[in-house]
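Hello,

Here is the structure I promised to hand over.

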Amino acid sequence: MSLSSLNAISPIDGRYRNKINDLGNYFSEEALIKYRVLVEIEYFIALCEIPLPQLEKVNHDIFNDLRDIYKEFSAEDATAIKDIESVTNHDVKAVEYFIKEKFDVLGLSEFKEFIHFGLTSQDINNTAIPLSIKEAMNDVYVPEYFTVLNKLKALVKEWAQVSMLARTHGQPASPTRLGKEIDVFVVRLEEQFNLLNDIPSAAKFGGATGNFNAHHVAYPNIDWKAFGDSFVQEKLGLQHSFPTTQIEHYDHMAALFDTLKRINTILIDLDRDIWTYVSMDYFKQKIKKGEVGSSAMPHKVNPIDFENSEGNLGIANAIFEHLSAKLPISRLQRDLTDSTVLRNVGVPFGHTIIGFKSTLKGLNKLLLNESKFAEDLENNWAVVAEAIQTILRREGYPNPYEALKGLTRTNEKINQSSISNFIDTLEVSDAIKAELKQITPSNYTGI
């Protein structure tokens with residue numbers, strides 16, 4: 001059975017594949033193989049640039065041809081490497097053999113043994129995977145994040161003057177403005193995104209147990225630590241973790257996943273609030289011809305985009321949580337658990353991108369129901385009691401809180417008339433009474 005959107009086990013490779021196609025360039029098996037080839041090629045070039053004595057004869061003009069091996073990497077190349085792997089039963093060794101074949105074609109046969117020289121497979125994996133994550137973040141995640149963020153910023157401006165009854169503990173509370181409530185999420189998202197910029201993309205590079213043992217024994221006069229720093233940081237654009245065991249310790253990667261999880265959590269919070277506002281009739285939703293909201297109830301237009309986002313972001317967070325908790329733990333100098341876990345890195349990114357797109361789709365369908373906002377404010381004049389008692393405190397009025405409590409903490413309807421009548425009973429100046437009567441649920445919205 002060939003893989004299709006209908007028989008894929010995972011929905012990110014099936015139902016939602018068209019939403020996350022770009023991630024295949026970074027997190028698929030083919031992509032992982034390509035990144036491994038990239039690291040191996042750049043490593044060989046770096047050895048030539050030292051130069052190692054045995055590589056002094058390598059013509060540097062050939063470097064462009066070497067880089068074309070990964071720049072022009074194809075599905076056929078990936079298949080060829082998988083065919084080699086079926087014999088070697090080792091994925092990184094298969095990459096080495098593939099590159100050796102390319103060296104034969106390029107007339108570099110005498111230098112083949114300097115491919116993967118002194119390295120262990122984790123020197124390749126622990127640079128290839130952080131590099132793929134870094135580039136996926138820059139090329140896919142960040143643009144999607146800013147699309148959602150910029151939409152929210154636009155809504156902050158659009159709804160800046162929309163007065164709204166706030167609810168704390170689900171009960172009517174001091175009024176607010178819709179734009180400000182959206183701005184809360186904007187600022188939360190921005191602050192977490194700023195933390196992302198402080199997290200380095202770290203990589204391990206140092207041989208079988210991290211000490212450059214093989215490198216040092218072969219060429220004891222070369223500063224291999226400085227070489228590793230230069231190669232990882234200048235060639236690959238990553239931070240060189242040192243010292244390490246056989247593998248990267250993944251602490252920075254765990255920090256990245258934890259921060260991505262918090263961003264998702266903020267969007268889940270937004271999804272639930274907007275969902276609730278829709279249920280309160282604060283928003284209608286744009287209707288698309290031909291769509292069905294319910295199989296049984298023709299009238300329904302459900303807030304399914306926010307529900308879809310919440311579900312996908314929740315799955316993403318569960319996997320990010322496991323990755324950040326598991327990856328920094330490895331027995332002694334290395335066990336294999338990180339390898340199988342890392343193969344799932346693209347899964348939470350996939351669900352995250354689906355969640356972002358669903359939130360954006362939902363936001364773009366919202367239609368403001370201003371009459372409902374006004375109705376709720378008009379039906380909740382009791383919320384101005386806070387304002388009245390605070391001004392009375394300012395004026396030194398005796399027991400203002402208790403006076404307002406007696407008025408409002410009943411089961412009787414509080415409206416503009418009852419508030420006005422209460423103000424008339426207060427022993428304050430006419431100017432203060434006039435000031436108090438200017439306060440309404442619609443204008444008592446703070447700064």
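Predicted model: local features only at pLDDT ≥ 70, side-chain atom pairs only at ≥ 80, totals over all residues.

Residues are numbered from 1 along each chain as its sequence is written, and side-chain values use heavy atoms, without hydrogens and water.

Helix α3 covers residues 63-71 and helix α5 residues 91-106; they pack at about 140 degrees with their axes 11 Å apart. Axes here are lines fitted to C-alpha atoms, for helices over the stretch in contact, and angles run from 0 to 180 degrees between N-to-C directions. Helices are DSSP runs of H or I with at least four residues, strands are E runs of at least two, and both are numbered from the N terminus. On the α3 side, Asp65, Leu66 and Ile69 meet Phe98, Lys102, Phe103 and Leu106 of α5, where contact means heavy atoms within 4.5 Å. The residues of this contact divide into 5 nonpolar, no polar and 2 charged. Nonpolar covers Ala, Val, Leu, Ile, Met, Phe, Trp, Tyr, Cys and Pro, charged covers Asp, Glu, Lys and Arg, and the others, Gly among them, are polar.

The second pair is α6 (residues 121-158) and α13 (residues 346-364), packed at about 20 degrees with axes 10 Å apart. That angle is why α6 and α13 count as roughly parallel. Their contact includes Ile133, Met137 and Val140 from α6, and Phe349, Thr352 and Ile353 from α13. Its residues divide into 13 nonpolar, 4 polar and 3 charged.

Leucine 407 counts as buried because its relative accessibility is 18%; buried means under 20% relative accessible area, exposed over 50% and partly exposed in between, with a 1.4 Å probe and protein chains only. Leaving aside residues up to four places away in sequence, leucine 407 touches Ile414, Ile419 and Phe422. Isoleucine 419 is 12 residues from leucine 407 in sequence and 8.5 Å away in space, C-alpha to C-alpha.

As for the whole protein chain, there are 18 helices and 6 strands, and 49% of its 447 residues count as buried.

Best wishes

Methods:
Parallel < 35°, antiparallel > 145°, perpendicular 65-115°, else oblique.
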